[in-house]
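This report is meant to be read beside the sequence and the model.

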Amino acid sequence: MLGTLQPGSWTLRLRDGSATQRICVRNGRELIQLRHRQPNCERFVVQDEAREVTVQYTCRGNGYGRTTIRHESNALVQIRSRGIEGGAPFSIDGEARRTGSC
């Protein structure tokens, strides 16, 4: 499902009212690890369907997460991510929308 998303600049709006973030998306996988941006994290695909994907990942020494991305269109997704980063829990609920090119 992530491969169907349009590449480009995406704006992430979280439902907690925090500032928006811009993400350069090349293949959609950039949306999986919003709190753990480092490479070399181990990923396990829990669910991969036409309109929704869930991925569990572990970043040795920095925590783990579980992200579900629901496809609304090729330029809009809903994101929910939970996990531990640097010893503290995190919770992300929001949407990402394509807003232009990188």
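## Cys41 and Cys59

Cys41 and Cys59 are both buried, where buried means under 20% relative accessible area, exposed over 50% and partly exposed in between, with a 1.4 Å probe and protein chains only. The two are joined by a disulfide with an S to S distance of 2.0 Å; a disulfide here is a pair of cysteine sulfur atoms within 2.5 Å. The link of Cys41 and Cys59 is right-handed, with 110° about the S-S bond. Cys41 lies in the loop between strand 2 and strand 3 (42–48), while Cys59 belongs to strand 4 (residues 52–59), so the pair ties together parts that are 18 residues apart in sequence. Helices (H or I, at least four residues) and strands (E, at least two) are DSSP runs, numbered from the N terminus.

## Basis of the model

The model is predicted: local features need pLDDT of at least 70, side-chain atom pairs count only at pLDDT 80 or more, and totals for chains, interfaces and linings use all residues. Residues are numbered from 1 along each chain as its sequence is written, and side-chain values use heavy atoms, with hydrogens and water left out.

## Cys24 and Cys102

A search of the whole structure finds 2 disulfides. One of them joins Cys24 to Cys102, with 2.0 Å from S to S. With 120° about the S-S bond, this link of Cys24 and Cys102 is right-handed. Cys24 sits in strand 2 (residues 21–25) and Cys102 in the segment after strand 7 (88–100), so this pair ties together parts that are 78 residues apart in sequence.

Cys24 is partly exposed, at 35% relative accessibility. Cys102 is exposed, and its relative accessible area is 61%. When the bonded cysteines of the protein are numbered in sequence order, the pairing reads 1-4, 2-3.

## Strand 1 and its partners

Strand 1 (residues 8–14) has 6 of its 7 residues buried, so it is largely enclosed by the rest of the structure. Strand 1 and strand 2 run antiparallel and are joined by 5 bridges; two strands pair if DSSP finds at least two bridges between them. They form a hairpin with 6 residues between them, and Gly17 in the turn has a positive phi of about 85°.

Strand 1 also pairs with strand 7, in the antiparallel sense, over 6 bridges. Leu12 stands opposite Gln21 in strand 2, and its bridge partner in strand 7 is Ala96.
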